Amino acid sequence: MENVTLILQDGTEFHGKSFGYDKTVAGEVVFNTAMMGYPESLTDPSYAGQIVVLTFPLVGNYGVPAFSFEDNGIPTFMESDKIHAVALIVSDYSESYSHWNAKESLSDWLKREKVPGITGIDTRELTKVLREHGVMMGKIVFDNQPGNIPEAEYEGVNFVEEVSCKEIIRYAAANVTEHNEAKTAVLVDCGVKANIIRCLINRGVNVIRVPWNYDFTDMEFDGLFLANGPGDPDMCVEAVENIRKFMECEREKSDSAVRPIMGICMGNQLLAKAAGATVYKLKYGHRSHNQPVRMVGTETCFVTSQNHGYAVDSKTLGSDWEPFFVNMNDGSNEGIRHKKYPWFSAQFHPEACSGPVDAEFLFDRFVELL
Amino acid sequence: MVDKDIKKVLLLGSGALKIGEAGEFDYSGSQALKALREEGVKTVLINPNIATVQTSEGVADQIYFLPVQPYFVERVIEKERPDGILLAFGGQTALNCGVELYKNGVLEKYNVRVLGTPVQAIIDTEDRELFVKKLDEINVKTIKSQACDNIEDARKAASELGYPVIIRAAYALGGLGSGFCDNEEELNTLAEKAFSFSPQVLVEKSLKGWKEIEYEVVRDRYNNCITVCNMENFDPLGIHTGESIVIAPSQTLTNSEYHKLRALAIKIIRHIGIVGECNVQYAFDPQSEDYRVIEVNARLSRSSALASKATGYPLAFVAAKLGMGYGLFELKNSVTKTTSAFFEPALDYVVCKIPRWDLSKFRGVNKELGSSMKSVGEVMAIGRNFEEAIQKGLRMIGQSMHGFVENKELEVADVETALKEPTDKRIFVIAKAMQRKIYNVEQIHEITKIDRWFLEKLQHIVDIDTQLRNCTSVNVLDKELVLTAKVYGFTDFQIARAVGLEKEMGNMHKALLTVRALRKSYNILPVVKQIDTLAAEYPAHTNYLYMTYSGTGSTAKPAHDIKFEKDNKTVIVLGSGAYRIGSSVEFDWCGVQALNTIRKSGYRSVMINYNPETVSTDYDMCDRLYFDELTFERVMDIIELESPHGVVVSTGGQIPNNLAMKLDKENVPILGTSAKDIDNCEDRAQFSSMLSRIGVDQPEWSALTSMDDINDFIDRVGFPVLVRPSYVLSGAAMNVCSNREELERFLQLAANVSAEHPVVVSKFIEHAKEIDFDGVAKDGEIIAYAISEHVEFAGVHSGDATLQFPPQKLYVETMRRIKRITKQIARELHISGPFNCQYMAKDNDILVIETNLRASRSFPFVSKVLKLNFIDLATKVMLNVPFDMPDKNLFDLDYVGIKSSQFSFNRLQGSDPVLGVDMASTGEVGCIGDDTSCALLKAMLSVGHRIPKKTVLLSTGATKQKAEMLDAAHELIKNGYVLYATGGTHRFLCENGVENVEVFWPSDEGKYPQALEMLHEKKIDMVVNIPKNHTARELDNGYKIRRAAIDLNIPLITNSRLASAFIHAFCTMPIENIAIKSWSEYK
């Protein structure tokens, strides 16, 4: 294994060994405290442009399942059609894996997809550095190629554009019965995770997945779904405009005819922006499986899966809107809802994958409203 | 919100430590009491376990040292009138007692509310049929068996369940006619056989080789749920989870599997209606996502204590708060203090629990592990990789192992069998198989079904070891390899041995010091990391720490999570390690008391310990907790970082005591009695010459170097003799030998135990009284003491004996002489701190058995009976801070304390339940009464004895014991008991005019009534069976009777003195006359 060094923006260096593809890369270094789910995380488009640090030290234990696709084009086990993270950093890579459903090792997969992986790093110390400094850029360089220093930008790059589908994709509803006619949702793809689509079609909804900046307002559908995605929501101006346009149209209608909107993660931020609120970058981004959120005004709480560096500033919400969920650790916004219309969103990931599935009921709620 | 109507709460403890119910309930009860006190609620505790932290002053408002049994609990309720009761914090004992109080209407009668999980939910999880039905309601799969009346039905059932299946013949004992079937052909054969035993056959899905996974789940009354931790067993299904090596979090589950089981656990807990904490155990198919729920424990458990320690999430504390009506969202994470208690800990380390067995202490015990628990304690090791954690853990269990490799090679008759039929040694059999290349990972997996992932990690350790062994000398050890070895959990000693340094230098300690110096010169040093529940996501000011070598490689400074003050204000207390026979909760109490006093005296208290069942490893109890090893190497690592004012080695039993000399050589400031004096006391020859010098007697003894020496010695003193190695605790490998043959056989075993210290043979004195002297001295002057008298004569290990304090039957002259001798010893050894002396007295002749310059097992007992905290006093002495000289009148008590031992023979299938010089008890209780009978009755009932209703079976051993029992026999007759007696005893009783019925030994075939049959027919309420001498004999008549009594749950006493005292107590004091008095009422 090649000796590699991670050089952070502030000059801190961490030394480790390469177990993935041998390539120098640069990206925003973020940590995730989830204890399992590396195949799902690596293929989560929200990680585009980022070097992912896993705080749980043992990684690769159960290998990687087959990268197969269902007939409808949705990957069987993964969250998109490729690894989106720029690189993976772990403390103790398991060279041997053991699982009935594994088809290859994590190392082989990373090599196949040309993604670097580093092991032997004190990821706790690295996490503390990132925590205190806030997320920062990092470069992975190979000790035997001292002159080969990669460059990359994170701020100002439109990662949504990079990961969104380029044309409309349709998915037929599954589990449809004769008595139960399928409804249709438009899904704005800012970097959607496959499990969001699975959660919708498994509930008998046809999904029309449109590129992030596509003007869907003239299409025929029963509800609007705003998906997750990477990077800075302020880059997604066109998407916000389309949502705003859709909301304006709906406001013209009688209350009962207003079509529902649900958003997840970046979808929450875009919906909030369309509603006039602003977003800001968190000092400590939420990237874990154990984020506690409380449904505002209730005694009901959920453990949620999260992956975001930006948050909605609740104070800037228009008077028609209110916070739906709040983070119980730092009080940041975890979702918004309209006071009158069936429009709501969550900053966390009710579709999980990876992470706890406690908030999946939000999909049920959306589907009931269609 | 908190329920304001609850002003007084009764908490039930778990009683004496026993196999399956140990120190974890002291921890959970203590946490619950702390949570209640914080709310201003008055607390009442019933727990006869006097050695616990929870029964210490200031933990509960009122403490009753009474049996946790419905009768006594009702009487306490009647007296105290609590508003609420907590049943979930005292193990199965408290739960069963609570359910009974609920069923018989006591709780309703006195209007006592059960806080937390409702009793109906408890019943639903405890009753197998109700449980299966309950989970069927929500379509959750459980393990079910189908009853079939013919082969056709059996075939149908098997194909429905899916092969492989287990079939069992119903109503057949001992697994007759049961077995595994992989296909229909095998089923046909086996079912036919089974139907020949029984008209009904049970068909059950075989889950052999499935993974065993556990989740700890919390729910509040608002229906909010979290899972705090999941755990995976290293050993697949078939071995009790208490007997398994356990890893947290799970290592071989994918995201989908983990969250599938997590979601199920939450679904189950909601449906059952738990409020508080419970655990859900699963069997999980290694080839699919199929699962079965094994069981749900609707209470705090051993696993929940482990999960609390593994994650830093205080489950018992939170469960108590939830019982008081709080929602999880209203509570804070007690580690970060700022984030919410409604969250799931993220670990950035791995935890490994390893059970500690003491099977070698029992004669005749079946060593195979299975579905019932046999281990007496456990350890938890923390590492940044699996190899590090398991190697730490294997050292921590304290059975002379240095890790996974570089141990003395195990002798195994047949490796395959030893792998297939697991015993307490299986992990080392795996090591042997790998190292000797007998089997590869795949083959070991096939035989054991242990997941390949774990085996590959173990193979990795062996591979590193091979690389080390390839280094022919320490001089060719390169830095990279040393670092790799350290990262994966090798000690300096393992490295030294692997490169041949131990042999080269001829001394293990010197060899490891050489490697230590080498790696320090390479700048390979461990770092201190925090357990912060959030994997460093948020800043945390936690003092819960461990050490690892996976903390190097950054340009940032050494990656310690904490700063070291080096202000000479730190005092380190060394803990007592794994609970085992001879060292358990009593030393935890001592450690916690020392920490308290250190804090109060203005010092920073630091604890090093690794036992997850303890209160001393609760990070709230000290300023800094190192959850790490008590090896010389690790203790030195910590001392070098902390630069302490001093180290306390005298409150943690033998482990810290044994480190004293080595630490002293490194110039570590040892507080209290000097290391040199400790050594003078531990070393038998030096101790003995000191005694001769001051004119104090001890039983004649000789250090053994050859058989000739021994023969000469025995020719002089005669049999019986006591044989033991030096540096022992609880009499490991100690035995009484009555003849030459026994002696020779035993010496072979004992000599294997310790090569560094000679084996000692001493004259064994029969029918002598044994006396314990616990004391605290300062600069050689005794400032406090307690003399306790054994009820049994010498020959019963002091850890098994029944102690009476203050003594009731000692001559004043004996007392005076003992005090005088102890004063001399204290002065000679310059004792400063706690100590204990054991004496034998025959007439007024006093002989010294041994002296320990540390706190003893009986410290909490005498401290609590006397209401003078010996450890507090001793710690003040060691810190050299002012203390109040105890008043002399204090030692004059108007009441009596009795300490009785708890045995766990019922768990140790096959073991001979007889007492000897080797300690066998797993726990103890201490009860107080206005007189001996009252205290003894409480204590005996607390350890599981029952007052016989009508019948007693007597076999009273040799003539001397027969005579001793005569008065008791008369008393029984006078009180209307029917006596049964075996041959000799029958004749003796008849000769002495005691009416009795003769019963026959198992060897008297064809003669009736047969003793064994009477036991099986439950015609006997109590058995007194006294072995004729101290010799171990297996499978004889006496053994069969004793074993049957244990297996049939009939109270058994094997000592004539104790039997007489107990019989006298229950014949003279009816249970209703036992005063229900709290500890504070004895003045």
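How many residues of chain B are in contact with chain A? In this predicted model, 51 residues of chain B touch 47 residues of chain A. On the side of chain B that touches chain A, helix 9 (255–272) and helix 16 (452–469) of chain B each supply at least two residues, and helix 9 of chain B gives the most, with five residues. By residue class, that side of chain B divides into 24 nonpolar, 18 polar and nine charged residues.

As to confidence, the predictor gives the complex an ipTM of 0.97 and a pTM of 0.95. The mean pLDDT of chain B is 92, with 96% of its residues reaching 70 or more; over residues 727–732 of chain B, however, the pLDDT is below 50, although this stretch has 20 contacts in the model beyond near neighbours in sequence.

Within chain A, ten strands form an open sheet with mixed pairing, in the order 12-14-13-15-16-21-20-19-17-18. Its edges are strand 12 (169–171) and strand 18 (301–312) of chain A, each of which pairs on one side only, and neighbouring strands of the sheet are turned by 20° against each other on average, direction ignored. At one end of that order, strand 17 (residues 279–295) of chain A runs antiparallel to strand 18 of chain A, and ten bridges join the two; A:His286, for instance, has A:His308 in strand 18 of chain A as its bridge partner.

Helix 7 (residues 266–274) of chain A lies across several strands of chain A, among them strand 15 (223–226), strand 17 and strand 18, and runs at about 125° to strand 16 (261–264) of chain A.

Definitions and conventions: Residues numbered from 1 in each chain as written. Chains lettered and ligands numbered in written order. Predicted model: local features only at pLDDT ≥ 70, side-chain atom pairs only at ≥ 80, totals over all residues. pLDDT = per-residue confidence, 0-100. Contact = placed C-beta atoms within 7 Å. Helix = DSSP H or I, 4+ residues; strand = E, 2+ residues; numbered from the N terminus. Nonpolar A, V, L, I, M, F, W, Y, C, P; charged D, E, K, R; others polar. Pairing = 2+ DSSP bridges. Axes fitted to C-alpha atoms, helices over the stretch in contact; angles between N-to-C directions.
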